[in-house]
Amino acid sequence: MSGNEQKYIQEAFDSNWIAPLGANVDAFEKEIATYVGASDAIAVSSGTAAIHLALSLLGVSRGDQVFCSTLTFVASANPILYLGAEPVFIDSEPDTWNMSPQALERALGDAAREQRLPKAVIVVHLYGQSAKMDEILTLCNRYEVPVIEDSAESLGSTYKGKASGTLGKFGIYSFNGNKIITTSGGGMLVSNDLQAIQQARFLATQARDQAHHYQHSQLGYNYRMSNILAGVGRAQLEVLNERIASRRKVFDTYLLEFSTLQEVEFMPELLNTMSNRWLTALTINDHSLSTSSEILEVMRQRNIEARPVWKPLHLQPLYNRAKYYPHKEKDHVAERLFRSGICLPSGSNLLENDQLYIIDCFKKALRMKEPVREMV
Ligand SMILES: *Cc1c(COP(=O)(O)O)cnc(C)c1O
């Protein structure tokens, strides 16, 4: 927490707006919209709820196809299933680790030939790194398919000067406990389409018709953010830029310390983009004596919480029947990143000494054949 959260929470209590609406919710929406430069925003109970709303607004329903990045957290795609639609997973490309325009082009071509164009494409900006949005938007515009940016991990990142989440039809952010700023749980849907956000507000509050009696013509959800949590969000947003600076500094320290190691390759930062470096991610190559899972095990034994890269969704048992388009026929990028990738501890409050300890353990782990159990 930043310190100012209690002030906004107190305002909610003082005004007695302990509800999924109130002054903090209104202000938090305006402040996020202003920060990212979107016309409007709606605060919701989670990033997942925001994706669900975006898909609903685009009319996704049973039998429709929705394309989605494969290298991501499961929440990116689950709302496709909530709506009875079919996900088609698109591989990553090596420059950003995000959606491959080549794979997307083949997938859209096939879908056009089958006269089954997707109702939406969900593009994820992994660990804060922007996908190749120009290429992706050009393709999607050609086929008139709307883009939803899953910017759950990339709040504050920019692509050619524009905020992540504001390039597509809809952008979503998450304020889950693990994200760069948090409300413990929460999310935001942003768009430049004011009517769409108005419709999202309607759907997120049980789709209640304009009538004094309780009348409903459409299926809605109960997805609004609490006025207390929006207070937490307002204080968190005030320190977002500091958080980004801290995370980028954490990354720069790893980069410097590992610059002479031939065993590791960092997640790149695309030219003309700025990543919030939510997590420092890297891959281990063939020069290493240890595999990424062996390294993770060594780190775990030393009480260091490093993590593997997300398991691609097309490899998940839940999605084993879904269609999937690799980057190239013989180049499955997300699978390669999953097998060799590691996310290092990257907290905004990571202490310098703790990071040096992590760096030391990581370097030792790289050069061990077997994880040593009795390390102190
Ligand atoms: C965290 C996350 C989500 C889901 O956000 P919640 O607020 O936890 O529902 C969606 N997509 C990605 C890529 C995420 O990292």
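## Two packed helices

A helix here is a DSSP run of H or I with at least four residues, numbered from the N terminus. An axis is a line fitted to C-alpha atoms, over the stretch in contact for helices, and angles run from 0 to 180 degrees between N-to-C directions. This is a predicted model: local features need pLDDT of at least 70, side-chain atom pairs count only at pLDDT 80 or more, and totals for chains, interfaces and linings use all residues.

Helix 5 (residues 101–113) packs with helix 6 (residues 133–142). Their axes lie 10 Å apart, at an angle of about 10°. That makes helix 5 roughly parallel to helix 6 (angles under 35 degrees count as such). Helix 5 makes the contact (heavy atoms within 4.5 Å) through P101, L104, E105 and L108. Helix 6 brings E135, I136, L139, C140 and R142. By class, six of these residues are nonpolar, none polar and three charged. Ala, Val, Leu, Ile, Met, Phe, Trp, Tyr, Cys and Pro count as nonpolar, Asp, Glu, Lys and Arg as charged, and the others, Gly among them, as polar.

## Around the ligand

The ligand is surrounded by 15 residues (a heavy atom within 4 Å). The closest are G47, T48, E153, S174 and K179. The shell has four nonpolar, eight polar and three charged residues.

## Polar contacts and burial

Polar contacts are pairs of N or O atoms within 3.5 Å. A polar side-chain atom of D150 is 2.7 Å from a ligand nitrogen atom. For E153, a side-chain N or O atom lies 2.6 Å from a ligand oxygen atom. K179 places a polar side-chain atom 3.3 Å from an oxygen atom of the ligand. Alone, the ligand exposes 380 Å², and the protein buries 94% of that (Shrake-Rupley method, 1.4 Å probe).

Residues are numbered from 1 along each chain as its sequence is written, and side-chain values use heavy atoms, leaving out hydrogens and water.

Conventions:
Parallel < 35°, antiparallel > 145°, perpendicular 65-115°, else oblique. Polar contact = N/O pair within 3.5 Å; in protein donor to acceptor, adjacent residues only side chain to side chain.
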